[in-house]
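This report sets out selected structural features of a two-chain model. The sequence and the structure come first, and the description follows.

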Amino acid sequence: MNALSIRNLAKTYPRGVVALRGIDLDVEAGEFFALLGPNGAGKSTAIGIITSLVNKSSGTVSVFGHDLDRETEAAKACIGLVPQEINFNQFETVRQIVLNQAGYYGIPRRQAAQRAETYLKQLGLWEKRDAVSRELSGGMKRRLMIARALVHEPRLLILDEPTAGVDIEVRRSMWHFLEEINRRGVTIILTTHYLEEAEMLCRNVAVINHGEIVEYGTVTELLHKLHIETFVLTVSGDTVRLEPIEGYTIRPRADGGLEVEVPKDHGVNRLFAELDRQGIEVLSMRNKANRLEEFFLRLVERQRESAEVA
Amino acid sequence: MPSRWQRNRVAFETIVIKEVTRFTRIWVQTILPSGITTALYLLIFGGLIGQRVGEMDGHTYMDYIVPGVIMLAIITNSYGNVVSSFYGTKFQRHIEELLIAPVPNWLIVAGYVAGGVARGLVVGLLVTAVAAVFTDLSFEHPLLTLLIATLTAVVFSLGGFLNAMFARSFDDISIVPTFVLTPLTYLGGVFYSITLLAPFWQVASLANPILYMVNAFRYGILGVSDIPIVLAFAIILVFIGVLGAAALILLERGVGVKS
């Protein structure tokens with residue numbers, strides 16, 4: 001069963017800005033799915049429509065088989081949203097915010113209080129339950145929005161850049177928490193700019209650009225389409241006078257190392273040999289972490305080139 | 001899984017409790033000022049100036065203005081509560097908490113209106129208590145008085161809701177109260193009987209909806225009114241119908257709350 005089915009979804013804003021050009025998307029129940037794309041690509045508009053925060057121009061959205069237009073309340077009851085920007089009442093306490101959200105979903109007070117305690121404890125916010133929300137740190141505010149989104153125990157959790165602006169420790173703890181939620185059977189759709197996040201958590205991804213789904217598949221499939229890999233080299237020797245090496249793009253790094261783009265059909269033996277000839281010794285080598293980002297940049301580049309040819 | 005009725009009941013209670021908690025938490029800003037203003041009105045207009053004005057419609061001037069002053073407080077507070085609360089909800093974007101939830105639009109309107117009515121009536125009670133210090137207050141038709149107060153609070157809560165939907169800045173939520181609501185209220189017979197006006201202005205005053213509410217309320221307390229009570233009720237109900245429908249249609253379209 002699909003947790004989410006979108007057909008021909010289009011959105012044109014009142015001033016004529018076309019945000020979505022009739023996208024189709026299916027997300028299976030139980031998936032941990034990533035929706036990727038640059039700023040202004042249409043990700044947030046798509047999420048806005050799915051969560052009833054944006055009016056669509058045309059198309060259909062179905063959540064666990066409930067049509068958003070015809071069975072609005074049933075569809076809404078299935079969704080939990082962690083938005084990109086802080087959107088809770090800054091004057092209310094942590095517990096009050098979670099309890100109110102439970103109330104909007106019709107969860108009786110006593111049951112809501114139990115669930116609020118459970119999720120606030122799981123997200124490390126129980127000690128802060130009586131604190132006014134504006135006094136929380138950035139990471140705590142993000143976690144509060146996750147607790148709020150989970151209090152009605154949705155079957156589909158949508159997170160719009162949930163770890164933006166939080167430190168790596170908080171980010172990792174949130175990843176573990178989301179993996180646990182997904183294991184419990186909650187379908188998760190994630191948009192993110194930290195692309196290693198998608199690589200680490202998600203099996204399937206869709207890439208959206210200029211309001212269209214331009215790629216759709218598993219993370220592995222998408223990475224296979226990447227013809228160039230980027231390596232970070234730690235080196236010794238004088239890199240200032242480094243001569244260009246044909247077939248490779250080499251950029252010096254601020255830490256004295258080198259960043260090298262290696263086409264897949266070139267290999268690295270000739271690169272090492274050339275560097276050695278120029279008196280540079282490679283001490284260590286690692287894959288640059290954001291391969292998906294690289295893929296995305298190349299994808300956008302490819303699209304631009306084909307548009308120019310056309 | 002709760003039934004739709006249970007879910008809606010809990011959601012409605014949640015909105016109302018949230019609204020009541022909000023205005024009681026900041027009672028110094030929301031409840032107290034009307035008590036002080038009323039005491040000043042009654043002291044200066046009712047006590048000092050009123051003694052020279054003499055009787056109006058067979059009542060002392062102090063007694064005559066008390067219903068209007070109570071109604072003034074109900075109108076401004078019910079309107080002010082909803083306009084500031086709902087606009088604040090939009091401004092801080094926590095309106096999204098409601099929009100994503102399975103809460104029908106009519107319930108959102110009803111919840112905010114109930115909050116506005118609650119504040120209007122709480123302040124109305126306070127003002128009535130203050131008035132009781134200055135005059136021997138008795139109610140000719142107590143149930144009618146309560147009904148008119150409640151329905152008027154509904155009308156102005158709906159007005160505040162509509163104002164908040166269209167408002168794009170904090171300036172926009174003060175324009176209507178300052179330039180429309182206050183003049184209409186003061187010209188709505190709070191401090192005088194329209195029989196004192198020239199014939200043209202008497203007729204012109206009949207276009208002011210607040211006149212009907214103030215007079216109906218005065219009828220409930222003193223038993224006197226410049227206009228027929230049935231007409232007052234009809235006009236109030238028409239306003240509730242029209243403003244309520246407008247609020248629902250606008251919310252359905254997402255005016256001011258969805259892009």
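Two residues are in contact if their C-beta atoms, placed from the backbone, lie within 7 Å. The model is a predicted one, in which local features need pLDDT of at least 70 and side-chain atom pairs count only at pLDDT 80 or more, while totals for chains, interfaces and linings use all residues. Residues are numbered from 1 along each chain as its sequence is written, and chains are lettered from A and ligands numbered from 1 in the order in which they are written.

**Cores.** Leaving aside neighbours within four places in sequence, A:Ala147 is in contact with A:Val98, A:Tyr119, A:Leu120, A:Leu123 and A:Leu125. A residue is buried if 20 or more other C-beta atoms lie within 10 Å of its own, exposed if 12 or fewer, and partly exposed in between. A nonpolar core is a set of buried Ala, Val, Leu, Ile, Met, Phe, Trp, Tyr and Cys residues joined through C-beta atoms within 7 Å. The largest nonpolar core has 143 residues, of which A:Val98, A:Ala147, B:Val69, B:Phe161 and B:Met213 touch the most other members. Helix α4 (residues 61-91) of chain B gives the most to this core, with 17 residues. Apart from it lies another core, of 5 residues, including A:Leu233 and A:Leu258.

**Helices and strands.** Helices (H or I, at least four residues) and strands (E, at least two) are DSSP runs, numbered from the N terminus. Two strands pair if DSSP finds at least two bridges between them. In chain A, an open sheet of 4 strands has the order β2-β1-β4-β5, with antiparallel pairing. Its edge strands are β2 (18-28) and β5 (66-67) of chain A, each of which pairs on one side only. Two strand pairs of chain A are compared below.

| Strand pair | Bridges | Direction |
|---|---|---|
| β4(A) (residues 58-63) and β5(A) | 2 bridges | antiparallel |
| β11(A) (residues 228-236) and β14(A) | 6 bridges | antiparallel |

A:Val63 stands opposite A:His66 in β5(A), and A:Leu233 has A:Met285 in β14(A) as its bridge partner. Of the 7 residues of β14(A) (residues 281-287), the number buried is 0, so this strand lies largely in the open.

By contrast, 13 of the 14 residues of α10(B) are buried, so this helix is largely enclosed by the rest of the structure. α10(B) is followed by B:Gly223, whose phi is positive, near 85°.

**Interface.** The contact takes 24 residues from chain A and 23 residues from chain B. On the side of chain A that touches chain B, α3(A) provides the largest share, 4 residues.
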